[in-house]
Amino acid sequence: MEGQQGQVVIRLRAKIRPSCVTLEHITPEMTPSGTASSAPRDVAVFGLDADSEEEVPLVSFTFDVGEGPTQTFLLKNNHSRAFRYIKVLVKSNWGHPRYTCLYRVQVHGKVVKTEDHRTAESLNG
């Protein structure tokens, strides 16, 4: 993402009832600068209702570069709603002035039954 802030909207393969989100950034040793300054810092995640364009807050957290490159965040509220779209809003990074990097975003949860009555299954991303 250009700058210290940005967002990405992810279309999931199916409508899910999310339970947690995992973000990944590379280790500082793998970056050209030798730091994790381009890693996201303050992040908010929303479920998007495609019909009403409503954004439902799911979780806000700080990605702590000292805790490792892959971190999982449980949703604080047990949402009974299911979503096909998830928005990841990066409010700040760890100081890089030109860009912010997200290497992987995983949304974990339970697939909801669709109109054609497929069996519910676990979904990891």
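Trainee: Which residue in E3 stands opposite Leu 48?

Mentor: Before that, some ground rules: this is a predicted model, where local features need pLDDT of at least 70, side-chain atom pairs count only at pLDDT 80 or more, and totals for chains, interfaces and linings use all residues. Residues are numbered from 1 along each chain as its sequence is written, and side-chain values use heavy atoms, with hydrogens and water left out. Strands here are DSSP runs of E with at least two residues, and helices are runs of H or I with at least four, numbered from the N terminus. Now look across from Leu 48 into E3, and you land on Glu 55.

Trainee: How many bridges join E2 to E3?

Mentor: Two strands pair if DSSP finds at least two bridges between them. E3 covers residues 54–62 and runs antiparallel to E2. Gly 47, for instance, has Val 56 as its bridge partner in E3. The bridges joining E2 to E3 number eight.

Trainee: Which residue in the hairpin of E2 and E3 takes a positive phi?

Mentor: Check the turn, where four residues sit between the strands. The phi in question is near 65°, and it belongs to Glu 53.

Trainee: What is the bridge partner of Val 45 in E5?

Mentor: E2 also pairs with E5, residues 83–90, in the antiparallel sense over six bridges. Follow Val 45 across to E5 and you reach Val 88.

Trainee: Why is E2 largely enclosed by the rest of the structure?

Mentor: Buried means under 20% relative accessible area, exposed is over 50%, and partly exposed is in between, using a 1.4 Å probe and protein chains only. E2 is largely enclosed because, of its eight residues, the number buried is six.

Trainee: Is Ser 38 buried or exposed?

Mentor: Ser 38 sits in the loop between E1 (6–24) and E2 (42–49). Its relative accessibility is 7%, so Ser 38 counts as buried.

Trainee: Which side chain makes a polar contact with the side chain of Ser 38?

Mentor: A polar contact is a pair of N or O atoms within 3.5 Å; within protein, one must be able to donate a hydrogen and the other to accept it, and residues adjacent in sequence count only if both atoms are side-chain atoms. For Ser 38 the distance is 3.1 Å, and the partner is His 25.

Trainee: How many strands are in the chain?

Mentor: Read from the N terminus, the elements run β-β-β-β-β-β-β. There are zero helices, and the strands number seven.
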